[in-house]
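Let's take a walk through this model together, with the sequence at one hand and the 3D view at the other.

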Amino acid sequence: MNCVEVFSEHTNSVNCVACSPDGLSILSGAGDAAVVLWDLETGNSVHMDEAHGWVNSVAISPDGLFAASGEDDATVRVWKLTDQMGGRVFRGHTDSVNSVAFSPTAEFVLSGARDQSLRLWQIKNGNCLHAMDEHTGSVNSVAFSPKGEWALSGADDGTMRLWNLSEGSCIRVLEGHADRVNCVAYSPNGELALSGSDDGTVRLWSLKYGDCLDVLRGHSNSVISVAFSRDAELIFSASVNGVLRIWKTGVVEGSRRILRQTPEKILSREDQVQYTNAKVLLVGDSGVGKTGLARYLALGIQDDENNSSTDGAWATQCKLHVAEKSDGVEREIWLWDFAGQVDYRLVHQIFMKDTAAAVLVFNPQNENPFEGLGQWDRDLHRATGRPFAKLLAAGRIDRGGLTVSRERMRPFMEARGFQEPLHETSAKTGEGCGQLQDAIVAAIDWGGIPTTSTPELFRRMKMEILQLRDSGMILISIAALRQQMDMALAGQAFTLAQLENVVGLLEGPGIVQRLDFGDVILLRPEILSRYAAALVRKVRKYPGGLGCIREDALLSGALDYQDFQRIHEDDEKIVLRALHEMLVSRAWCLRQQGDDGVLLTFPSYFKRERKEQPGHPSVLVTYRFDGSVDEIYATLVVRLHHTTAFDAAQLWRFAADFITQTGADLGFALTHRPEGAADLEIYFNANVTDDSRVLFLRYIDNHLHEHAQNVQRLRNYYCAKAGCGRLFSDRELIDELLSGTEICVVYCPKCQNPIPLRDPIEAKFESLAVKESARKNEDVSKLKVENESTELILVGHCYTIVASANQIYRGYTNSDHGIDGEIEFRNDAGEATGKKLYLQLKSGDSHLRHRKRDDSDVFAVPKERHLRYWMDQAFPVMLVIRNSKGEIRWMEVREWLRRESEDGKKPVKEIIFDGEPFTEFSVRRWRDEVLNR
């Protein structure tokens, strides 16, 4: 086969191509931020409207009229090929867009992104019809069904999902790959599908039955593209190492039978299980009997009145006594009991996603249960973000009947959408518990829950992990889990990749959590709620109401535990580091250097009141919104602080003052409103330029539209005449005039001075330049938060791995000299020996570049004085680097530098980094080497 043409206009790697329906042109996207349309007959090229980031995916619509691209700047761009310029930009994703596809009718574009979501866009107006976010990893590939009513997606979570696009809902989850899914494809009639993975396999699926029909093995590297032939008798698969394989299947579409006629080795069809899994929450204020009720429903254990209140979220698997569906799909329920104390609500929301039903429990003796129930109802709706069934239950009815009559409860239930009847329960006598369990089963919309198809091996692994969890174990390393699984599966073969993928599948719904450091699995992630509550209580007691805690106090466990039982010290240290990293990565706190160490400041828990200031500037814009108000407010403060344009100056109780780069003052104040809503009032001093005002406003506007619901922007207008400054308060007239197309003006009610409504601030607020500037500031802010988080991950990995090897790790607070910490080794008696390794920690791909000529990784030393310092150390110096994939390697550089520099005689500016994995085993090996020298 000969190459007939070479197109070489791109200046960086070409990442994606698409062919037009008539076969006369192709579209290409590259790392040079360009999308190019090539004429195959003439070889001429046309640059489409320049992209704004690395182009990951391109597509041409089936009618040949439109082109689309997915880019690293989190945008989808759509062009009309006849115009070639002026493409429409679709914004909504919050991270790199990896894949785009057109519907068969060319009315819609589907995109999949690193933010773990898919979005369905309407081409004619750019509206996002559905945002689908049930994957728990980066979405790498999307595809429309032949008729356009369904879609497939493949993701880093190792699953392929089938979506109903009319409802924006996932209807099937297909498990089986041992690594991330890179590519998916439909067969011509839409009944079969393909998925290709980093595990080197291609899987052939029946979408009608949810079966994996065959596993195609033969590739020795990641499969990055798959496709069917037009008659579905051939399967094409391409690997990252340049190998293309063609598989002859003899498939007859519409049948569950597949005749394998390929020379490649294909496994027999796996034993598979299909099930649906519903999450049910028990919530309510503390002391209403939730724990006893949960234990009775889940385990049949009667309440002996010795059940203590729940410390953080507790969960167990509730097996339902119901018949399987006629198609053999098993039903499961996970029952979650949430602690009622307000201190726990910081972390509760993490576990509330994908709720199928909620039981709100109240004290029947409470004469006014409505306020507490209403607050829980609002919290649930904000956290879940989607419809779910709601039931109302009175707990501990054996202690006395309802104080509030059913007649008073009925309007509340109707207004809030609770299902009848009101359940009166007692976990002590069992009264009403059976009826409540039946009501839970009946209330769940089982058809709305995806059916999961999983290999029997995966199912067995899941059950073994759940047994470890239910045994009370808190943490386990992946190596120890593998040993446990070897014993439990009685010799059944499995790979480490399969085990890790199963852990990831349990991590999605919050059942377990693989920590970002130390190769450790948190079997009971809900325990983070307990420690978060202890942290919040400590923060609230900080002197002066400043909402702070010293970082070393958090990591040492100096919190306000009240009466809950702490876990083992070794486990607690790891849990506290996981909590610390979570708080920073979610931008719930500011991490700042204080006089005596690093302080963590929580904007939502600041209690210092700002004194009345007669000269305080007027409010220019008010935003009204719904959502997780405290979290939205905290992340706004933290991320604004991390921008290049603004810096936090003063924090108050639900107010924050900032300064611009020129020292001008601006800020906002939050006011909580009923039903979980809030007002955010934004103000500026007179010396703030219009450019800074609109950038500040645009940043806040973007943040609220990304994180809040029902966002409403209310612009305030003041008379500009000297000595007047009267607010024009007729909001109805303002809205009426702004909805028109003519230039609109109102007049000051005091002095009749004209007040233009479309003033320079409004014009700039809508400008593309301001939107782009706000986006760049957001990128900078997110990068700073991410860098802080990855640094903490690397430190946590060092601490955890060294501790697991029974050695001593110490971090340094000032590493400007080129060393971030040390490992001191113990002797066989467990005593510190004074013999050490020094560590220099680096996180991020920017620290290494890959050199093609010798296939090596090169580390450029940022400060040359570090080289001499490392060479002069009495103990070995280890360079530790974590890349964006989470891989952590280390390499001894003291001796390497001495050798390459001939003991300092020759200059060395870079290190050829040939690091090994930083594991418990490698720490022990270095211990033996250092102690035996």
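**Charged pairs, a covered helix and a surface patch**

Glu 772 and Arg 775 form a salt bridge, with their closest N and O atoms 2.5 Å apart. Keep in mind as you look that this is a predicted model. The two residues sit 3 residues apart in helix H16, which covers residues 768-804, so about one helical turn separates them. An α-helix has 3.6 residues a turn, so residues three or four places apart point the same way. Arg 775 counts as buried because its relative accessibility is 17%, and the cut-off for buried is under 20%.

Salt bridges that share partners also build a network here, joining Arg 698, Asp 701, Glu 766 and Lys 771. In total, the count comes to 48 salt bridges.

Now turn to a pair that reaches across the sequence. The side chains of Glu 330 and Arg 459 meet in a salt bridge, at 3.1 Å from N to O. Glu 330 belongs to strand S27 (residues 330-337) and Arg 459 to helix H6 (residues 456-470), so this pair ties together parts that are 129 residues apart in sequence. How accessible are Glu 330 and Arg 459? Glu 330 counts as partly exposed at 27% relative accessibility, whereas Arg 459, at 10%, counts as buried.

Another salt bridge brings together the side chains of Glu 500 and Arg 514, at 3.4 Å from N to O. Here Glu 500 lies in helix H8 (residues 496-507) and Arg 514 in strand S33 (residues 513-514), 14 residues apart. With a relative accessibility of 30%, Glu 500 counts as partly exposed.

Next, find helix H3, residues 370-384. Its 15 residues, at 1.5 Å a residue, should span 21 Å, and this agrees with its end C-alpha atoms, which are 21 Å apart. Is H3 mostly covered or mostly uncovered? H3 is mostly covered, since 11 of its 15 residues are buried. Among the buried residues you will find Phe 370, Leu 373, Trp 376 and Leu 380, and also the charged residues Asp 377, Arg 378 and Asp 379.

Finally, come out to the surface. Which residues gather there in a patch of negative charge? They are Asp 730, Glu 732, Asp 735 and Glu 736. Asp 730 is found in the loop between strand S45 (727-728) and helix H14 (731-738).

Terms used. Residues are numbered from 1 along each chain as its sequence is written. This is a predicted model: local features need pLDDT of at least 70, side-chain atom pairs count only at pLDDT 80 or more; totals for chains, interfaces and linings use all residues. Side-chain values use heavy atoms; hydrogens and water are left out. Patches are made of residues with over 30% relative accessible area and no salt bridge: like charges are joined within 9 Å, nonpolar side chains (Val, Leu, Ile, Met, Phe, Trp, Tyr) within 5 Å. Accessible areas come from the Shrake-Rupley method with a 1.4 Å probe; for residues, only the protein chains shown count as cover. A salt bridge is a side-chain nitrogen of Lys or Arg within 4 Å of a carboxyl oxygen of Asp or Glu. The place of a charge is taken as NZ of Lys, CZ of Arg, CG of Asp or CD of Glu. Helices (H or I, at least four residues) and strands (E, at least two) are DSSP runs, numbered from the N terminus. The expected span of a helix is 1.5 Å times one less than its number of residues. Buried means under 20% relative accessible area, exposed over 50%, partly exposed in between (1.4 Å probe, protein chains only).
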